[in-house]
Amino acid sequence: MSKLPIDVPKEKLQQVRMDMFRKVQREKRIKKRIFSVAIVSLFCLSFLFSIRVSPTIASQVAKIPGFKEIVLAVVRDKGIKDIVDNGYYEEINTTQSKNGLSLTLQGVIADNSGLVLYYDADATFDMSELYLEEVKLFQGDKEIEGGASFTNHQSNQTRFSSSVDYSYSEPFAYTSKDFKVVFRFYEKDKGNIEITIPFSLQNEIAKEKIITANRIVDVGGQKFTITQIRRSPLRTSIDIELDEANTMQILALDDIAVETENGERREGIKYGLSLGGDNRDGKFTFNLQSNYFHDSDSLKILIGAVHAVPKGEDYIEVDFGTKEVLMKPDYLDWDISVTQQGVSVAAKKWDDRMRHSFLNSAVKADGTTLEYTGSSFSDDEQYLYATEDFENYDGKAKIYINYFFNPIGKNIELNIPLQ
């Protein structure tokens with residue numbers, strides 16, 4: 001039997017082949033672009049985090065969307081650089097939008113000592129009057145107690161990058177790796193804008209490394225004990241207890257740092273919570289840049305200066321109703337004025353620092369806490385200026401001095417074995 005002639009639509013097949021060829025080429029180009037972007041991003045990350053980034057380079061790379069805040073964190077904190085170098089930083093890259101405002105949760109760092117969220121904000125409107133009023137963090141459906149540290153206002157008009165820092169006084173238990181963060185903004189024309197972003201952690205939570213120290217430090221008869229050193233990826237925490245027999249109230253330890261055997265130095269956290277606890281309760285903690293990923297046989301603790309004032313003379317008394325200073329210690333040479341909600345201080349400079357908090361803890365006449373709400377700082381060639389604000393209150397209050405330049409000891413070094 002002869003075969004029937006088959007009419008092959010050559011032109012149509014050729015067109016199909018050309019269409020398929022173009023489609024494959026388009027997909028290749030798309031994949032190539034995605035791959036190229038990934039390579040560029042990876043190169044930027046590798047370049048940034050394999051060396052100590054210069055401010056000039058960092059300022060250029062920080063312009064890339066999603067890079068700015070983590071780049072700045074790496075530049076100012078060696079511990080964050082270690083986190084990225086060791087793959088502990090988790091990229092999230094999830095975006096939610098509402099009322100013309102878009103938030104992208106770029107990444108997260110989480111350990112037993114805290115949790116840091118890095119995010120970008122974009123808007124279709126001028127954000128110069130946009131304020132972040134509250135951030136809530138939930139593990140599953142349970143809200144995590146404890147306040148978040150964040151910048152509530154940015155001067156940028158269309159885009160900014162920032163972070164939210166949670167610091168836990170007790171090791172946090174990650175009973176679930178599913179979280180959500182709720183940002184509540186306020187804008188004068190749009191009112192409240194609330195955006196919720198869910199996210200899940202993938203990394204195993206790094207275990208805290210605890211070193212028992214129990215080293216007593218005696219400075220002019222005033223004693224304190226470094227009880228333990230706790231190391232996590234986000235911070236190195238030094239726990240301190242004050243001796244009850246001290247005749248002076250230790251207010252501050254300046255320029256505290258840790259140094260490893262090879263001279264690697266980790267200092268205080270400049271952008272974040274550097275001090276936990278209350279020295280008037282006899283216990284407090286200094287949080288330093290982490291050296292979690294570096295093992296050594298010993299650590300050296302360095303203390304630049306210990307500042308103290310006579311016990312019982314570590315506070316001022318004010319009346320918010322009459323806006324008067326009722327009492328201040330004889331040694332206190334500050335100019336102090338009282339407003340409806342705060343106390344303003346002008347303190348003569350003792351070094352080249354540009355800002356300082358002096359009075360941020362207070363109790364009302366009935367002994368209950370007067371809530372601290374914020375502060376503002378400025379300086380000139382001679383003086384440091386600080387205004388510390390509290391909740392609305394028209395009565396008398398005792399406000400504790402948390403810093404006064406009066407060194408009773410300087411340049412202290414302690415060697416702590418880690419084995």
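**Strand pairing and its criteria**

Author: In the hairpin of strand 14 and strand 15, with four residues between the strands, Gly263 has a positive phi near 90°. The model is predicted, so local features need pLDDT of at least 70 and side-chain atom pairs count only at pLDDT 80 or more, while totals for chains, interfaces and linings use all residues. Residues are numbered from 1 along each chain as its sequence is written, and side-chain values use heavy atoms, with hydrogens and water left out.

Reader: What makes strand 14 and strand 15 a pair?

Author: Two strands pair if DSSP finds at least two bridges between them; strands themselves are DSSP runs (E, at least two residues), numbered from the N terminus. Strand 14 and strand 15 (residues 265-266) have two bridges in the antiparallel sense, and therefore they count as paired. Within this pairing, Glu259 stands opposite Arg265.

Reader: Why is strand 22 called mostly covered?

Author: Buried means under 20% relative accessible area, exposed over 50%, and partly exposed in between (1.4 Å probe, protein chains only). In strand 22 (residues 342-348), six of the seven residues are buried, so the strand is described as mostly covered.

Reader: How do you know that strand 22 pairs with strand 21 and with strand 26?

Author: Four bridges join strand 21 (residues 335-338) to strand 22 in antiparallel fashion, and seven bridges link strand 22 to strand 26 (residues 383-390), also antiparallel. Ile336 stands opposite Val345 of strand 22, and Lys348 stands opposite Tyr383 of strand 26. Strand 21 and strand 22 form a hairpin with three residues between them.

Reader: What is the strand order of the open sheet, and why are strand 21 and strand 25 its edge strands?

Author: The open sheet of four strands has the order 21-22-26-25, with antiparallel pairing. Strand 21 and strand 25 (372-379) each pair on one side only, so they are the edge strands. On average, neighbouring strands of this sheet are turned by 15° against each other, direction ignored; axes are lines fitted to C-alpha atoms, for helices over the stretch in contact, and angles run from 0 to 180 degrees between N-to-C directions.

Reader: How many bridges join strand 25 to strand 26?

Author: Seven bridges join these antiparallel strands, and Gly374 has Asp389 in strand 26 as its bridge partner.
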